[in-house]
Amino acid sequence: IPFPPKPNPRRLKTLASAGAPSPMASAAAPASSEEAVKAAKVLMVGAGGIGCELLKTLALSGFSDIHVIDLDTIEVSNLNRQFLFRKSHVGQSKAHVARDAILKFRPNINIESHHANVKDAQFNVDFFKQFNVVLNGLDNLDARRHVNRLCLAAEVPLVESGTTGFLGQVTVHVKGKTECYECQPKPIPKSYPVCTITSTPSKFVHCIVWAKELLFAKLFGDKNQDNDLNVHSKDGSSSKLDVFERDVDEDLDQYAQRIYDHVFGYNIEVALENEETWKNRRRPNPVYIRDTLPEAVKQNGSSWDCSNDHEEPSAMASLGLTNPQEIWTLAENSRVLLEAFKLFFEKREKEIGNLVFDKDDQLAVEFVTAAANIRAHSFGIPLHSLFEAKGVAGNIVHAVATTNAIIAGLIVIEAIKVLQDDYKNYRMTYCLEHPTKKLLLMPVEPFEPNPSCYVCSETPLLLDVNTKVTKLKEVIDKIIKSKLGMNLPLVMIGSTLVFEDGDGLEEDEAANYALNLEKVLAELPAPVINGTKLTVEDFQQELSCSINIKHREEFDEEKEPDGMVLSGWSAPVEKQINSNGENKSAASSSSARATDDTVEDPSKPGMKRKLDELLETKENCDASSSAQVVEDDDDCTMLDGNPALIKKKRLQ
């Protein structure tokens with residue numbers, strides 16, 4: 001990996017002008033660079049798609065003391081892009097196998113691997129302090145926030161990264177010099193109204209959500225969970241309260257067909273009774289088993305070979321379907337659904353009642369794909385292959401190995417700058433899908449810390465809440481843990497400690513805190529009223545913040561469903577994923593910072609210009625803001641920090 005160029009820091013805000021060197025351009029390495037690399041002790045968090053490329057690049061660049069943390073084990077689906085792993089490694093620790101693979105060609109360097117969760121107590125602030133720089137290759141927001149806070153507390157620079165398909169980014173976060181990872185809002189997946197999912201789907205993703213969150217959950221998940229599926233049978237005189245309950249003497253084939261007819265036939269007929277709904281919409285067609293698989297009805301069961309001797313039950317294998325990228329017919333979808341239904345009850349009956357959809361569960365993916373396609377057919381929505389449906393169901397953007405390699409190289413370049421304390425040349429670099437100014441890499445100078453960030457600036461937050469009816473437990477669960485991301489919070493009101501979480505508490509202390517959880521705020525030992533100040537701390541993250549309380553009697557149930565409103569923090573930006581797997585950003589921010597989407601025009605020093613003009617197209621703007629929470633693996637992560645969203649001061 002070549003060492004980074006050293007452009008004039010006052011020359012350009014994006015390195016896109018004619019003649020400007022790209023961040024990957026060759027440059028002579030200062031003598032101090034090699035010394036800094038050799039002396040550095042590096043922590044790498046994540047050994048997946050980015051992590052494999054990063055560990056290899058670190059080793060080949062001269063780094064000789066590296067620690068690697070990763071909780072995951074290797075899966076078959078990792079092998080097409082995580083090149084340190086082989087088929088024989090499936091089921092083993094990613095961190096350990098990655099270490100062993102690197103030591104085969106760099107035996108003289110020190111690599112310590114940890115098969116563990118970075119949020120474990122052993123990885124505390126003191127552990128982080130031993131490193132010169134931390135490099136992230138994580139796949140979830142919670143862990144990223146945790147590492148960000150530990151780096152701030154330990155005063156260790158953090159190089160963050162992420163990729164989604166052809167898009168990627170690398171950002172540098174140094175306490176007191178640049179913004180921290182949490183200075184700006186982070187994207188979240190799009191949610192859909194229940195009425196759209198249950199009654200008026202118009203996109204394939206609506207059918208996937210229905211099949212995954214309603215039908216699959218109803219049949220195989222927790223029976224006590226609320227579910228919006230119609231459970232009442234066509235026969236109103238029936239004594240059965242829930243049509244999904246199986247009769248004691250009911251044959252499995254009969255049960256499967258009855259459920260099929262209920263959800264795809266009768267429930268559609270019930271929906272059609274509301275004429276008002278379909279005045280301006282295409283009317284759906286009820287689907288019954290007698291129409292799609294008449295042979296199954298005649299034989300009171302399946303008429304195809306359903307033998308399945310595979311180690312992992314699979315409806316596709318049973319039915320001889322081998323191509324996951326083939327779009328099945330309505331009849332094939334029906335066969336897959338019924339076969340998957342039977343296999344759950346025959347092969348995995350002990351799991352029924354506790355199952356949650358998992359994109360890596362082949363039988364679950366088959367069931368959801370088939371159910372979503374049958375529903376899509378009913379509503380005139382194009383059918384999708386299992387490969388496509390799995391991507392939608394798991395929020396997967398399929399990884400590109402080349403993107404991971406590019407991002408890994410950029411991480412190392414920024415890490416070397418950090419080790420040299422060359423902060424004037426730090427760059428946030430966005431890897432774009434389409435060229436902009438003849439470049440696929442768009443470097444932008446980092447931004448100063450957000451003065452309103454409660455994490456790195458310790459700015460007080462404001463919580464509107466009805467102190468007379470809201471319990472302490474609700475504040476901790478909905479605000480402190482969910483929104484502020486604290487794992488083991490401590491809550492103080494003045495000098496009174498009202499709650500503490502974690503190990504090592506005395507039995508009477510834990511019992512007392514448990515009692516406080518069920519008390520409304522105004523009835524705590526130190527009453528919380530209008531104007532009260534809460535101090536909230538997480539000793540593991542060494543994070544402390546203040547929350548000023550504003551008493552409020554009424555809240556809008558639709559717009560403020562939590563019954564409380566937190567101000568002064570960076571709320572998530574909503575993210576939509578459409579049925580084609582494309583990303584569409586619907587940015588909204590509660591950040592206290594005003595919007596002014598400008599950067600300096602590199603072709604006209606001193607002049608300001610809209611960032612999206614530099615990027616030329618909305619598609620390229622989306623490349624820097626494109627984001628989603630995905631579950632595929634480490635290299636499919638959240639891209640955030642869109643420079644076009646919020647005004648940010650440049651480092652001078």
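Predicted model: local features only at pLDDT ≥ 70, side-chain atom pairs only at ≥ 80, totals over all residues.

A: The protein has 652 residues, and 54% of them count as buried. It contains 19 helices and 19 strands. If you take contacts between residues at least 6 apart in sequence, 68% of those join residues at least 24 apart.

Now for the close-up. Our residue is Thr292, found in helix α9, which covers residues 289-292. Is Thr292 buried or exposed? Its relative accessible area is 12%, and since the cut-off for buried is under 20%, Thr292 counts as buried. So who surrounds it? Setting aside neighbours within four places in sequence, Thr292 touches Tyr260, Val287, Leu330, Ala331 and Ser334. With Tyr260 there's also a polar contact: the two side chains meet at 3.2 Å.

Tyr260 is a handy guide to the next stop, as it is one of the α8 residues that contact helix α13. Helix α8 spans residues 252-272 and α13 spans 362-378; their axes lie 11 Å apart, at an angle of about 20°. Angles under 35 degrees count as roughly parallel, so that's what α8 and α13 are. The crossing of α8 past α13 is right-handed. On the α8 side, Phe264 and Ile268 join Tyr260 in the contact, while α13 brings Ala371, Ile374, Arg375 and Ser378. Sorted by class, that's five nonpolar residues, one polar and one charged.

How values were computed
Residues numbered from 1 in each chain as written. Heavy atoms only, no water. Helix = DSSP H or I, 4+ residues; strand = E, 2+ residues; numbered from the N terminus. Buried < 20%, exposed > 50% of the residue type's maximum accessible area, 1.4 Å probe, protein only. Polar contact = N/O pair within 3.5 Å; in protein donor to acceptor, adjacent residues only side chain to side chain. Contact = heavy atoms within 4.5 Å. Axes fitted to C-alpha atoms, helices over the stretch in contact; angles between N-to-C directions. Parallel < 35°, antiparallel > 145°, perpendicular 65-115°, else oblique. Left-handed = near helix turned anticlockwise from the far one by under 90°. Nonpolar A, V, L, I, M, F, W, Y, C, P; charged D, E, K, R; others polar.
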